[in-house]
Amino acid sequence: MSAKIYAPFERFNFSNKNCFLSGEALKSEEEKIQVFPQWLMSQYALEDKPFKMLDENIATYKDLKLPCSSHINDDFLEPLEEEIANVFEKGYEGVKALDELKLFQWAGKLLYGIIFNEIQSGIRLMHSQGEEFSMSQSILLKFSQLHLMLQSINLPIIFEDFKPFSIFLFKVNNNHEEFGYRDEINTQTFALRIKDFGMVICLQDNASNYYYHKKIYEQIKDETLHPIQFEEFSARVFYSNYLFNRLPEYNILPVNDEIYIEEMPLRGLSSKPLFDEWQNKTYGQVLENFWKNWGFLLLEIIKDPEHPVSYLFDKDGNKIAADSISLSL
């Protein structure tokens with residue numbers, strides 16, 4: 001029997017009656033899994049901590065759930081969670097040795113889980129007002145393509161000579177009790193800083209952000225970073241993914257029992273660069289948000305508009321050593 005892709009965005013099916021990943025009918029609406037895995041919530045006591053939704057409502061981490069069939073969870077998701085939990089326990093070296101596709105699948109499932117809950121919340125709100133829920137075609141395409149990619153967890157999907165994602169991984173001198181998590185669902189950007197590592201993932205850019213930041217990444221990827229340095233690099237990636245102005249498209253090619261996904265050229269018919277122009281003031285606003293722990297204000301960050309404050313490089317372009325930074329962790 002050939003593998004069949006599930007496309008929930010075609011019929012906008014976000015009920016709790018179907019498995020989020022396979023679409024199969026569930027035996028009960030109680031057949032659910034946590035968006036943030038239990039092992040992660042337990043390690044950082046996240047269960048009852050507030051999680052702010054886009055509509056300004058406050059949920060808790062444990063409130064965020066996904067309808068999921070028992071066999072999809074048992075056969076595919078639990079083994080992935082167990083592998084990720086074991087790797088994270090080993091810290092940076094363990095994560096570095098892991099297949100990047102597994103990191104993409106794990107982060108993608110988590111981010112898609114948040115998206116799923118946001119959509120359900122939006123549908124309930126619109127229906128309570130007697131209106132239909134809608135979203136822009138570009139966002140619809142982004143979300144549906146992320147869901148397509150996620151099915152590489154449970155279907156024999158092969159990415160044909162490309163990576164749909166960018167991943168940046170660092171060793172970071174973290175406070176080991178800190179849970180540093182950040183996401184931006186519209187651009188599908190994800191950052192996690194825990195234990196002795198930090199990673200940033202752009203979930204659907206066909207590695208464009210990796211090449212955009214490759215020069216800087218190559219300079220610092222083998223260093224142990226101070227948390228403020230990791231947050232600075234994260235801000236750069238979150239901002240650049242906002243500047244990324246293409247909607248990747250793909251050819252889907254079923255071949256025997258496998259499904260090949262082939263990227264279409266990002267440049268297409270446009271002569272426009274892949275990224276809009278970098279604006280230091282806007283970047284400074286992003287950085288201010290990422291540096292909240294250290295109390296930096298925008299005016300301080302862009303005091304010199306041509307050279308925003310940096311803890312990665314000095315004004316001559318030399319790397320700044322983490323142990324020379326006196327800011328508290």
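1. In this predicted model, a salt bridge joins the side chains of Lys163 and Glu100, with a nitrogen-to-oxygen distance of 2.7 Å. The interface of domain 1 and domain 2 holds two salt bridges. Seven residue pairs, both members at pLDDT 80 or more, are in polar contact across this interface.

2. On the side of domain 1 that touches domain 2, at least two residues come from each of helix 2 (38-44), helix 3 (70-90), helix 4 (92-97), helix 5 (100-128) and helix 6 (137-150). Helix 5 gives the largest share of that side, with twelve residues. Sorted by class, the side of domain 1 facing this contact consists of 29 nonpolar, six polar and five charged residues.

3. As to the division of the chain, the domain assignment places residues 1-155 in domain 1 and residues 160-328 in domain 2. Domain 1 brings 40 residues to the contact, and domain 2 brings 39 residues. The C-alpha centres of the two domains are 23 Å apart.

4. The extent of the interface may also be stated as an area. Interface size is often expressed as the accessible area lost when the parts come together. Between domain 1 and domain 2, about 3,400 Å² is buried, and 75% of this lies on carbon and sulfur atoms.

5. Which three residues supply more than any other three of the area that domain 1 buries against domain 2? They are Tyr44, Tyr92 and Leu111, which supply 21% of that area.

Technical notes:
Residues numbered from 1 in each chain as written. Predicted model: local features only at pLDDT ≥ 70, side-chain atom pairs only at ≥ 80, totals over all residues. Heavy atoms only, no water. Domains from an automatic or database assignment. Contact = heavy atoms within 4.5 Å. Buried area = accessible area lost by both parts, 1.4 Å probe. Salt bridge = Lys/Arg side-chain N within 4 Å of Asp/Glu carboxyl O. Polar contact = N/O pair within 3.5 Å; in protein donor to acceptor, adjacent residues only side chain to side chain. Helix = DSSP H or I, 4+ residues; strand = E, 2+ residues; numbered from the N terminus. Nonpolar A, V, L, I, M, F, W, Y, C, P; charged D, E, K, R; others polar.
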